[in-house]
Amino acid sequence: MSGALTERTFIAVKPDGVQRGLIGDIVKRFERRGYKLVAGKLCMPGKEHLEKHYAALSSKKFFPDLVAYMTSGPIFAMVWEGKEVVRMGRCMLGATNPLDSNPGTVRGDFAIDVGRNVCHGSDSVESAKTEIDLWFKPEELLSYEANQKPWVYE
């Protein structure tokens, strides 16, 4: 796979997904797809961190509840790498509202309410870069050749 085709995305299992034991199921879906995990950590970011992460939603009525919810328990933050991983990651997660998500997507299989939709995924290459920089230090992002690469990419 050419370096020009490689991109990274930020995916986070939210507190409801962590509490329900869904980390492994979500990781497995990305691994089965052929994407490469380059960073992951279980963490409990503070209010300021999450206000920065969701800054684009700060004018929304639900913003305070979102931040309070996201600080209510652990989050499993990840960076995945691969061809069109931002777009495909969003497809794999499903619609923000789980009731609009198709079966076979993370939200379609594991969620019912929009306020407990299990996971977050970057919505563009640009937002992925911003989110990765917010959640991970450069030395936490690994570069390595995955053994499966010739079986995933032409």
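User: How do β1 and β3 pair, and over how many bridges?
Analyst: β1 and β3 run antiparallel, with 8 bridges between them; strands count as paired if DSSP finds at least two bridges. Thr9, for one, has Trp80 as its bridge partner in β3. Helices (H or I, at least four residues) and strands (E, at least two) are DSSP runs, numbered from the N terminus. This is a predicted model, where local features need pLDDT of at least 70, side-chain atom pairs count only at pLDDT 80 or more, and totals for chains, interfaces and linings use all residues. Residues are numbered from 1 along each chain as its sequence is written, and side-chain values use heavy atoms, leaving out hydrogens and water.

User: OK, and Glu81, buried or exposed?
Analyst: Buried, at 13% relative accessible area. The cut-offs are under 20% for buried, over 50% for exposed and partly exposed in between (1.4 Å probe, protein chains only). Glu81 sits in β3, residues 75-83.

User: Switching to α7, which residues are buried there?
Analyst: Ser127, Ala128, Glu131, Ile132 and Trp135, in a helix spanning 125-135. They're on the same side of α7, because they cover an arc of only 135 degrees around the axis, taken from the directions from the helix axis to the C-beta atoms.

User: What's on the face turned away from that?
Analyst: Exposed residues: Glu126, Lys129 and Thr130.

User: And what covers the buried ones?
Analyst: Among others, β1, β3 and α5 (85-93), going by contact, meaning heavy atoms within 4.5 Å.
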